[in-house]
Amino acid sequence: MTQQNIENIIQENVQLHTKVSVLEEQLENVQRQLAWLKKQIFGRKTEQASVIMADGIQLSLLNEEISETEDKSENHVAVPAHTRKKRRTHDEWMNALEIKKEFHKVENMVCEKCGAPMKVIGEDQAYDELVYMPASFFIRRHIVQTAKCTECGKHEERDTENETEIEKCNIVRAEAPAQLFPGSFCSKELLAHIIYEKYGKAVPLHRQQKDFESKNVPLLKATMSNWIMTAAQRWCLPVVKRMTEILLSEKIIHADETHIQVLQEETTTSQMWVYCNGKMNARSIVVFEYKNNRRGENPAEFLKEFFGYLICDGYAGYNAVTWVKRCGCLTHVRRKFVKLIPEDKKLHKTSAAVKAVNYCDRIYHEEHLLENCSAEERYEKRLEKVKPILDEMFAYLESIPVSSSCNLGKAVNYALNEKKYLYTFLESGEIPIDNNRAENAIRPFTVGRKNWLFSNTASGAETSAILYSLISTAQANGMDAEKYLTELFSQPAGTIIFPWKETKNNDIESE
């Protein structure tokens, strides 16, 4: 065998080894994707550490070095004092409902033994039942009364004294409330119910149509759609505009976006954006905005009058909002590593993804202990307790020798790219460490999207944004959204009634 043949064999062997390595990496990625898809279909969709970690046991929130050297002998451990929320009893919410008493009397008031009449000696409460009455329909027929004066024009002397000509038989007609929509039989209660069913309970209009038909009310989907779009523009849009002005004056705003399919749009990148204030406020404000693309110009335009802290994920489009202080989201960083936790629980001890998740859990544990602290106290304790863990986590991530092309490398690069934003929350005790508030705010929309699938037109998507803004804000403030809409539609179009309860802390309430 010649030297050339040997070199060819060695080169071919190297190429084969390289090809095998590439194929093994591709196979590993495919297997991971398959496992993830199976989990989405058959498994629990959760990121809780108690579920994703080995044997359903959450990893230790203490430093690993301390855990390994910890004396396993029985020692007395001092547990810090904590407060527990008072458990809510049935009586608290039952007393807020209307109570209808149903008496059960003794039918035979004659003694069975001696035949003498019996006497009532007392009553006692046996039990309570929560009763549900199904929806009912009735016609509210407005009858307008007309009256006339039978004395007008009959007394010439009295009429001439007023120096005015008085017509005979003066007729007065009572004023009836204006129709919600001219020529329509829609009432404010019916309209509020239809809107709440779709945008509050994710019931599409075609299902509502079938439900109405089962109750002998032939109400078409197209009719309901026209009502909704008209009401959104006349009554709801002015309120949302004022809510937006108040939101932009806040110190902290959360932002997020999600896809929406609009059939008559030429683009396939339509997005529903959501903006909401921080959780440490007397009221919650949630504003949705529809745009037909995902470009950074959209949040830049919406937030052009905002100069506080913007909390968002790592999407590069938010880089266009250059005049705000951007804050990162620890949940998004953690989620990248959660997806990489190996299925084989034996590998958890050596997994870099598991260790990264453990660092995040330790940070969340410390944050949980600061829930009841004031903003000033939380600021100081974050620097003392949270910052060292954050420093340790990034020091570990920077030390991982991993290729940027693999999934672990992508997760590490995402975290390192967000590093400067993840430290911003240390500037104030009012800034949260994640963007969960925006994700929770946008979730009702994503649930509804699974049911109604798409919007037919851009105006329909804009209507959805307006109504989701009002209903989500009302629900976030603990209000009955349907009752709020009924009250709003009872007023003249353009009246401003905010979807939150009046408190002393609210500087702007209703107009």
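Mentor: A residue is called buried under 20% relative accessible area, exposed over 50%, and partly exposed in between, using a 1.4 Å probe and protein chains only. Helices (H or I, at least four residues) and strands (E, at least two) are DSSP runs, numbered from the N terminus. The model is predicted: local features require pLDDT of at least 70 and side-chain atom pairs count only at pLDDT 80 or more, whereas totals for chains, interfaces and linings use all residues. Residues are numbered from 1 along each chain as its sequence is written, and side-chain values rest on heavy atoms, with hydrogens and water left out.

The chain as a whole has 17 helices and 7 strands, and 36% of its 511 residues are buried. The buried residues of α10 are Leu330, Thr331, His332, Val333, Arg334, Phe337 and Val338.

Helix α13 (residues 407-417) has Gly409, Ala411, Val412, Tyr414 and Ala415 buried.

On the α11 side the contact includes Tyr359, Cys360 and Ile363, and on the α12 side it includes Ile389, Met393 and Tyr396. By class, this contact has 11 nonpolar, no polar and 7 charged residues; Ala, Val, Leu, Ile, Met, Phe, Trp, Tyr, Cys and Pro count as nonpolar, Asp, Glu, Lys and Arg as charged, and the others, Gly among them, as polar.

The aromatic contacts follow. Rings of Phe, Tyr and Trp (its six-membered ring) pair if their centres lie within 6.5 Å; planes under 30 degrees apart count as stacked, over 60 as edge-to-face, and the rest as tilted. This rule gives 16 aromatic pairs. Trp273 and Tyr318 form an edge-to-face pair, at 6.0 Å centre to centre and 80° between the planes. The pair links distant parts of the chain, with Trp273 in strand β4 (residues 271-277) and Tyr318 in the loop between β6 (309-311) and β7 (325-327), 45 residues apart. Trp273 is buried at a relative accessible area of 0%, and Tyr318 is buried at 1%.

Phe394 and Tyr423 form a tilted pair, 5.9 Å centre to centre with 35° between the planes. Here Phe394 of helix α12 is joined to Tyr423 in the loop between α14 (419-422) and α15 (436-452), 29 residues apart. Both Phe394 and Tyr423 are buried.

The loop between α14 and α15 also holds Ser428, which is buried with a relative accessible area of 10%. Leaving aside residues up to four places away in sequence, Ser428 touches Lys251, Tyr379 and Arg382. Arg382 is also one of the α12 residues in the contact with α11.

Terms used
Contact means heavy atoms within 4.5 Å.
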